[in-house]
Amino acid sequence: MTQVLDIRDRLKDLETRFAEVEASLSAPQVLSDPEQLRKQSKLHTELSKIVAKYRELQELDKQTEQVELLARDTDAEIAELAKAELAALEEQREQLLQALKILLLPKDPLDEKNIIVEIRAGTGGEEAALFAADLFRMYTKYAESKGWRVELLSSNVTGLDGFKEVIFAIEGDQVYSRMKFEAGTHRVQRVPETEAQGRIHTSAATVAVLPEAEEVEIDIRPEELKIDVFRSSGPGGQSVNTTDSAVRVTHVPTGLVVSCQDEKSQHKNKATAMKLLRARLYELQLKEMEEKKEQLNKTKKEIAWGSQIRSYILHPYKMVKDHRTNKVIQQADRVLDGEIDELMRAYLLSQTSSQPG
């Protein structure tokens, strides 16, 4: 009960702050300063989402008070109907409180960034490559449901149309804020297409989620780069395979190497390789800053590269389990079709327990 009261106190303060910000948007000193106007407009948008939910909660409280009176009515039939309605209102209230807890989580300054996702087949051979393709499809469909844009940057396709590696960009509203929790190892248990005798196999794929870096955020000097061009290999048509269009970029100070050969144009492949390099250098920079401050974010430690976060059990029954929250969804096909919001929401709610109030 104390926690609920603390949340309401915070919400009341934020509603007051929202009114102040809303008033400032028409103030001459703000209107005449583009940077200040941008900041206040952004804050107004963020607060409006919280305040809207808070006002829904207040309206629900009023409804609850009225129904509680009816629940004490001397007419037994009216009282019984009111009690049933109270149960429904309590369920709505709990859902609103959960949504508000998530909205009140501390903001990550990277949340608004677009991302680059790298999926790599792990243990399991060809079956792992097929699972990597399933994950790529899952995230593509999830992005489509959010109205985000997906751009394939690089891929290494196997003979059965799996991926040894696939790298793609996702652009849209608050992409990193959602997708960052998908980083880690994903494991699948099923009878694969590659199995002739019907035996169950377990394989894995790793997912990395990198915030996309702008050129102004990462300073890369030309003398720090070693750029090699070579002939593309694998499927892609004659022009891809017979010209020196593939590009490999090495960042000498860190030893990071990226390559791209998907496009027919050497220029496009170089641009894509530089985009990947900036993202990886940006991630490296963020990690170094966290280590120096000795304040590693708990969430990032839990979803670090190589940690197993989720299992997809597709035989003998179909279910998906998130190991961080123990959340289980029985309809695995629905998850692989991109319906992963429920898993993300469960993880976010698990983080609210560590927050004050």
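1. Two strands are taken as paired if DSSP finds at least two bridges between them. On that basis this predicted model holds an open sheet of 8 strands with mixed pairing, in the order β2-β3-β1-β5-β4-β9-β10-β11. Strands β2 (149-157) and β11 (327-329) stand at the edges with a single partner strand each, so one side of each lacks a neighbour in the sheet. On average, and with direction ignored, neighbouring strands of this sheet are turned by 15° against each other.

2. Within the sheet, strand β1 (residues 115-121) runs antiparallel to strand β3 (residues 163-171), and 6 bridges join the two. Ile-115 stands opposite Ile-170 in β3. Helix α11 (residues 341-352) packs on the sheet, where it touches β9 (308-313), β10 (319-322) and β11, and its direction makes about 170° with that of β11.

3. Lys-275 lies in helix α8 (residues 266-293), and it counts as buried because its relative accessibility is 15%, the cut-off being under 20%. Neighbours within four places in sequence aside, Lys-275 is in contact with Ile-116, Glu-151, Ala-169, Glu-171 and Glu-212.

4. Helix α4 (residues 76-103) packs with α11 at an angle of about 75°, their axes being 9 Å apart, which means that α4 is roughly perpendicular to α11. In this contact Gln-98, Lys-101 and Ile-102 of α4 meet Arg-345, Leu-348, Leu-349 and Thr-352 of α11, and the residues of the contact divide into 3 nonpolar, 2 polar and 2 charged.

Key:
Residues numbered from 1 in each chain as written. Predicted model: local features only at pLDDT ≥ 70, side-chain atom pairs only at ≥ 80, totals over all residues. Heavy atoms only, no water. Helix = DSSP H or I, 4+ residues; strand = E, 2+ residues; numbered from the N terminus. Axes fitted to C-alpha atoms, helices over the stretch in contact; angles between N-to-C directions. Contact = heavy atoms within 4.5 Å. Buried < 20%, exposed > 50% of the residue type's maximum accessible area, 1.4 Å probe, protein only. Parallel < 35°, antiparallel > 145°, perpendicular 65-115°, else oblique. Nonpolar A, V, L, I, M, F, W, Y, C, P; charged D, E, K, R; others polar.
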